[in-house]
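Work through the following exercises with the sequence and the model in view, and try each task before you read its solution.

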Amino acid sequence: MNYYSKKSLLAKDVNELCTKYGISQLEASILLRRGIKSGEDIKYFIEKDLRFSHQAFNFSNMEDAVERINQAEEEGEKVLIFGDKDVDGVTSTAILYEYLKSRNIDVSWRLPVGEDAYGLSMEAVDDFAKDYGSLIITVDCGISNNAEIAHANELGIDVIVTDHHNPPEKLPDAIVIIDPKTKDSGYPFMDISGAAVAYKLVSALRFSRMDIYGQDICLLSTKKEEGKITLELLKSRNLVKKDYLKVQFDSYPLSIYQTKIADFLKGEMILVWNKEKEENTLKELFGKGVEFELMDMRKEISKKYPSLSNVELSTLREKSAIAKYSDIEISELEVFMNIFITFIEKKQEEFFPSLKKESEMDLQLVALAALADIMPLRNENRIFIKNALEKMNQGIIRDGLKELLARSNLVNKEITSTDLSWTIVPVLNAAGRLGKSYLALSLLLSKDPQERAALSDQILELNEERKRLVTQGEELTFRQAEESFKNFDEKLCVVVDKKICKGVTGIIAGNIMKKYSVPSIAITFSEDGSTAVGSMRSCRSLKSTKFLELFGENFFKNFGGHDAAAGFSFEAGKINDFLSKAKQITQGINLESENSTIDVDAELSTDYLGPEILETIDFFEPYGEANPKLLFITRSIQIKDASICGKSERQHLKLLFDCKNCKFPAMFWGEAERLNRDFSKGDRINIVYNINKNYFNGSVTPQMILQETPLTF
């Protein structure tokens, strides 16, 4: 039986969030209980504007990648995009391929199919070399392909790696690596999908067509208080802060060459907010003999935003969203930088009218990838998914997804992250799992409605086959998993069977992990029997890739993945060595203890239970990894009505609770037998539940989904 707890909060902490961010006490309480306290984290629950996502050129190597791709365009080179076969790999490939194709680059794509292993292959490199190709860009893979990339180098082919998987100790010798998990990536958030990395690359390539691309710019601001002059300078390149200098002067005028400022400004384009003010202060500081070439950005920006024509930076800071969410006081110069970025991005949209629509379509794929690869729904992942869902729910849906949504009965209802995770992601993944990843990619790229319709039907059929194969695999390994759990001292489960379909090893490992609550591995073999192929799903703080690294450098043909999920292959003859080594490694690991206590997000009285509760449910959307559905507890709630429904063997219980302001409906799935046994109509009980939206005849109402065991009061 699960025990529930509600973390205690201080009223002053709740009120502080309410006042600062204009949110309700319930929303503030839930944020605090979930450990979300900083403005930097809270803003991703409140905001949806893409301006709150991170700049593409935060990746320290992004400009190098852009330059190499632009060079390929100029010189008419052949480019190959090599992706992975899952949803993240297919969407990554689609995003980059469509953009390069729009630039008339001679680009092709390739994905693993059939028995192909994960990642860039020697065969793919050789085939591309025979076709006189000169640049390979990997998406959602490549970070562990040391040998394949070395081989490409020998053949005179450059490789750009874009990936998001955990990097090995020795990185491949690619000309550019863009992976948020590498040590020196420069990117402020590591948990984005491969498709998000591809999206950032495309964003950077789009920006490279702007005149401002590659220019070194310095923003300058001065302030005079109590006879002291403070000078602030912020260097940026491609909308990313590169350096910062703040100097205060007590006495002046003085020579600029006695300061660090001359060297700091060397070769920079200097932007200011109020040219007249800054020129006067600089003359006062350095005398009239020094000329500064200043560009008045307020005058330029006011052409687009007339309301800013007479506004000072100090006033803008008071109204700035960036200041609102900053946990430390930010300078006027940082506010200036934020306005400048917004201005440049708006200009970019004007120069390239198709950019906004293309980006919206790309973000729908980025959202799918984040959900498919179980990325934490924090930080900019929330921005990506919010934007995607907003457009989808406005009926602006990418071709390919439109067909799948229609066939999944998700048209004319509000689409949520849960809908995408449970309905669309498994269908798209099915193609890759059964060795036909090209079908999913073709669906996303096709311009022909009839072709998309046929591809959708094929993929849905593959998904049905995938379900059958999972059931078969679980039946084959049921007893083995039980024995393995005991043999590995209840720390690990390993199942091995040649009849398991290679494409569903990850699902089977994941299901075993959920059942036994230990890291789990499912292994099968290639068609010719020469290679063992497996998937690992992990929990309780054991990192998959770290576990596999303990087998030694030369044990696997290849392996890679994330902390929670990894894939691998090795010579079939090593299977007993694998099991023996796994047993040895497991003896030396300690799993994090299972927590029998489940934290509820809030205890709600019946006063809170009405249609308005959906505002709080919406506030925390999208739900998923690291942001589960809200869990509430209510005590002494009276059952107004109860009935049994459902035609399956295990029937459901439909309840109606008597709340202060309404009658609140609830479902208790599969628990019909409890009516008149554990509780009856008119009883008061304690309940633990989620709340979702129920759609009926065009109206939307809240509905409880009861969890675990309601306790009689």
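**Exercise 1.** Does E74 count as buried or exposed, and why?

*Solution.* The model is a predicted one, in which local features need pLDDT of at least 70, side-chain atom pairs count only at pLDDT 80 or more, and totals for chains, interfaces and linings use all residues. Residues are numbered from 1 along each chain as its sequence is written, and side-chain values use heavy atoms, with hydrogens and water left out. Begin with the cut-offs: buried means under 20% relative accessible area, exposed means over 50%, and partly exposed lies in between, with a 1.4 Å probe and protein chains only. E74 has a relative accessibility of 67%, and therefore counts as exposed. As for its place, E74 belongs to helix 4, which covers residues 62–74.

**Exercise 2.** Find where T182 lies, and decide whether T182 is buried or exposed.

*Solution.* Next, T182 is buried, because its relative accessible area is 10%. Finally, with neighbours within four places in sequence left aside, T182 is in contact (heavy atoms within 4.5 Å) with I143, P167, L171 and I177.

**Exercise 3.** Which residues does Y99 touch, not counting residues up to four places away in sequence?

*Solution.* Start from helix 5 (residues 87–102), where Y99 is placed, and note that Y99 is buried, since its relative accessible area is 4%. Under the sequence limit stated in the task, Y99 touches V202, L205, R206 and R209.

Key
Helix = DSSP H or I, 4+ residues; strand = E, 2+ residues; numbered from the N terminus.
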